Amino acid sequence: PARHRTRDRQCNKDQIMTNMKLKYVACPLCGSDSPVKIASGTDIEYHTSDRIFFFMRCQQCEILYLNPRPAADEMPKIYPKTYYARNVESPVQSDARIDRIRERLDINRCRIMLPHLQSGDTILDIGCGNARMLRIFKKISNKQVSLVGIEADADLQFVREMQGQGITIIKSYLEDVNLSRF
């Protein structure tokens, strides 16, 4: 069978999910159902699906989100335990060169957003994994902002560790969080 090679695992072509359960959703922030498609793409890193995903922009609040998106019970298949944002000890993380490049790219992404932030703002990272981006914001920003991550797979030890660093982690799926408080 055909194989796709990724940095830290292989998957057979027949293991790729072609019948992934999807869920059509309204805007997760304002509830509007008037999105505009702005981009599309496939899973190029782990090759867990051959589906094309659509990135939508809400015309009301301008948040970006996937629609349709994978159903909640598909997440472990899409984000395996070795996914770098879930597991600091991932084989991808063990390659120092790759980690340095990824960190530089992530720092640059965060720096692009810094001029748009004001003290008192909240940075909300949905699906924050190991809170990498939130930790980078904390490291490079001199503004007093609230750092909040939503992560369904967060364990209590991680939540407490991040809390000690001034980062709030909410263990939940996005659908179960009241976003209006942010």
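Visitor: What makes the largest nonpolar core a core, and which of its residues touch the most other members?
Guide: A nonpolar core is a set of buried Ala, Val, Leu, Ile, Met, Phe, Trp, Tyr and Cys residues joined through side-chain atoms within 4.5 Å. Buried means under 20% relative accessible area, exposed over 50%, and partly exposed in between (1.4 Å probe, protein chains only). This core has 18 residues, and Ile123, Leu134, Phe137, Leu147 and Ile169 touch the most other members. Two or more residues each come from helix 3 (96–113), helix 4 (132–140), helix 5 (156–164) and strand 10 (167–170). Helices (H or I, at least four residues) and strands (E, at least two) are DSSP runs, numbered from the N terminus.

Visitor: How do you know these values, and what kind of model is this?
Guide: This is a predicted model, in which local features need pLDDT of at least 70 and side-chain atom pairs count only at pLDDT 80 or more, while totals for chains, interfaces and linings use all residues. Residues are numbered from 1 along each chain as its sequence is written, and side-chain values use heavy atoms, with hydrogens and water left out.

Visitor: Which residues does Ile123 touch?
Guide: Contact means heavy atoms within 4.5 Å. Not counting residues up to four places away in sequence, Ile123 touches Leu117, Leu134, Phe137, Val145, Ser146, Leu147 and Val148.

Visitor: Does Val36 count as buried, partly exposed or exposed, and why?
Guide: Val36 has 36% relative accessibility, so it counts as partly exposed. Val36 lies in strand 4 (residues 35–41).

Visitor: Why is Pro76 called exposed?
Guide: Because its relative accessibility is 53%, Pro76 counts as exposed. Pro76 is found in helix 1 (residues 75–78). Its C-alpha atom is 9.4 Å from that of Asp153, 77 residues apart along the chain.

Visitor: How do you know that strand 4 and strand 5 pair?
Guide: Two strands pair if DSSP finds at least two bridges between them. Strand 4 and strand 5 (residues 53–58) have six bridges, in the antiparallel sense. In strand 5, Met56 is the bridge partner of Lys37.

Visitor: What joins strand 5 and strand 6?
Guide: Strand 5 and strand 6 (residues 64–66) pair in the antiparallel sense over three bridges, and the bridge partner of Phe55 in strand 6 is Leu66. Their hairpin has five residues between the strands, and Glu62 there takes a positive phi near 70°.

Visitor: How many helices and strands does the chain have?
Guide: The chain has five helices and 10 strands. Of its 182 residues, 36% count as buried.
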